[in-house]
Amino acid sequence: MLTLDKIYHAAFILRDVVRRTDLIHAPGIHPESNVYLKTENLQVTGSFKVRGAYYKISQLSEEEKARGVIACSAGNHAQGVALAAAKSGIPSLICIPDGAPISKVEATKKYGAKVCLVNGVYDDAYNKAREIQEKEGFSFIHPFDDEDVIAGQGSIGLELLDQLPEIDAVIVPVGGGGLIAGVAFAIKSLNPQCKVYGVQASGAPSMYNSLAHHRRETLPSVSTIADGIAVKQPGDLTYQLCEKYVDEIVTVTDDEVSTAILALIEQQKLIAEGAGAVAVAAALFNKVDIKGKNVVCLVSGGNIDVTILSRVITRGLLKAGRSADITVELIDKPGQLRDVSAIIAEMGGNVVAVHHDRSGENTHIDACYLRLVMETKDHEHIRQIRQALTSRGYKIIDQSCTYVPIPEAGEEDV
């Protein structure tokens, strides 16, 4: 059984292996509460996962270690297992979904593990790892549904209580549930008044659904930029612990996650991956009641692929009203672009891209479409620019209208 003594033992074993990550004050995240960030994105391997992986491997028998270890992961657990196995002098094989960021796959290899890419998502990688384990006799290191792994993650809870004794609430990312199970058990055992909130991506709400329906459920599919928490089914042990110790699970959208990543970059100079930013997204968009409280958002990881990061930033700018586009129907004659651009400039907007199109089927023969992409301050600023244009007689076409988009070579939907 998971016990507080086991979590303390895990913290003792990990003391010379992992960083005691900083707790950073972040007043801009939620002005009506006192928000802190637990920066596990700055942890060894860039994620909290090394805590549970290392402690689990440290508790294996010599016979189990001699057989080598195998694990399945979307990327962060893979790196934790690879590093822990290397430090213990034992071989490791990691099954990773083929859609995981390339940076996580390559980092896993650099830590010394062999990698088996599996078609599908985390759950498919899990099934493949179990299949190989049965054939080859490896020791399996579960990413979340194991009491030693959970105890290792629970060491974060002990650190939080020591770093912020007056803590009122902690917001934790949730995938399979290992992190929140350990943190919630540790905190509730020592400070029952502290609220523990979990956050999942709306495209992968496995624990959210399970707790709502009071039974462990499996999702038919998952889809989210938060690949680290894209899990179809929570663990059996983690589900039981969450049902007992977690106060509430909420969900956030990919757009909200993108906004949180952008906020962390701009306000705190921190890089977080999608899964690592969901707790901050929950605070930013008032998903839980934290007004007037001392709150910790657990930033669980920072291993985001740079190619994904650029698209996430774009989505975050759109969500925050920092970037916008408008399409204006004009009479095709000289000076129109100059006049429209002048109005936008007067309003403090900055035009960064222009597309001119004469091919609309339903427009007048002398008409054209002018699509402008702008840098703006916020959604109110966008409204003011649109109002200024319409007040001077320009017709703005709704986004639902057909026009030819500005080409963005190599870009995909996030």
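Visitor: How are H9 and H10 oriented to each other?

Guide: This is a predicted model, in which local features need pLDDT of at least 70 and side-chain atom pairs count only at pLDDT 80 or more, while totals for chains, interfaces and linings use all residues. Residues are numbered from 1 along each chain as its sequence is written, and side-chain values use heavy atoms, with hydrogens and water left out. Helix H9 (residues 206-213) and helix H10 (residues 236-245) pack at about 60°, their axes 11 Å apart; axes are lines fitted to C-alpha atoms, for helices over the stretch in contact, and angles run from 0 to 180 degrees between N-to-C directions. Angles under 35 degrees count as roughly parallel, over 145 as roughly antiparallel, 65 to 115 as roughly perpendicular and the rest as oblique, so H9 and H10 are oblique.

Visitor: Which residues of H10 make the contact with H9?

Guide: H9 passes H10 in a right-handed crossing (left-handed if the near helix is turned anticlockwise from the far one by less than a right angle, right-handed if clockwise). Contact means heavy atoms within 4.5 Å. Met207, Ser210 and Leu211 of H9 take part, and their counterparts in H10 are Thr238, Tyr239, Cys242 and Glu243.

Visitor: How many residues of the contact of H9 with H10 are charged?

Guide: Ala, Val, Leu, Ile, Met, Phe, Trp, Tyr, Cys and Pro count as nonpolar, Asp, Glu, Lys and Arg as charged, and the others, Gly among them, as polar. In the contact of H9 with H10, four residues are nonpolar and two polar. The number that is charged is one.

Visitor: How is H1 oriented to H7?

Guide: Helices (H or I, at least four residues) and strands (E, at least two) are DSSP runs, numbered from the N terminus. Helix H1 (residues 4-14) and helix H7 (residues 147-163) pack with axes 8 Å apart, at an angle of about 80°. That makes H1, relative to H7, roughly perpendicular.

Visitor: How many residues of the contact of H1 with H7 are nonpolar?

Guide: On the H1 side the contact includes Leu4, Ile7 and Tyr8, and on the H7 side Ala151, Gly152 and Leu158 are among the residues. Three residues of this contact are polar and three charged. The nonpolar ones number eight.

Visitor: How many of the 10 residues of helix H2 are buried?

Guide: Buried means under 20% relative accessible area, exposed over 50%, partly exposed in between (1.4 Å probe, protein chains only). Among the buried residues of H2 are Lys49, Arg51, Tyr54 and Ile57, and what covers them includes H1, helix H3 (62-66), strand E3 (69-72), helix H4 (76-88), strand E6 (139-140) and H7. Helix H2 (residues 49-58) is largely enclosed by the rest of the structure, because the number of its 10 residues that are buried is nine.

Visitor: How many residues of the contact of H2 with H7 are charged?

Guide: H2 and H7 pack at about 130° with their axes 7 Å apart, which makes H2 oblique to H7. Their crossing is right-handed, and the contact includes Lys49, Arg51 and Tyr55 of H2 and Asp148, Gln153 and Glu159 of H7. By class, four residues are nonpolar, four are polar, and the charged ones number five.

Visitor: Which residue in E4 is the bridge partner of alanine 71?

Guide: Two strands pair if DSSP finds at least two bridges between them, and E3 pairs with strand E4 (residues 92-97) in the parallel sense over four. Both faces of E3 are covered, with Val69 and Ala71 buried on one side and Ile70 and Cys72 buried on the other. Isoleucine 70 stands opposite leucine 93. For alanine 71, the partner in E4 is isoleucine 94.

Visitor: Is lysine 287 buried, exposed or partly exposed?

Guide: Lysine 287 sits in the loop between helix H12 (274-284) and strand E10 (294-299). Not counting residues up to four places away in sequence, lysine 287 touches Val250, Thr251, Val252, Glu256 and Ala282. Its relative accessibility is 29%, so lysine 287 counts as partly exposed.
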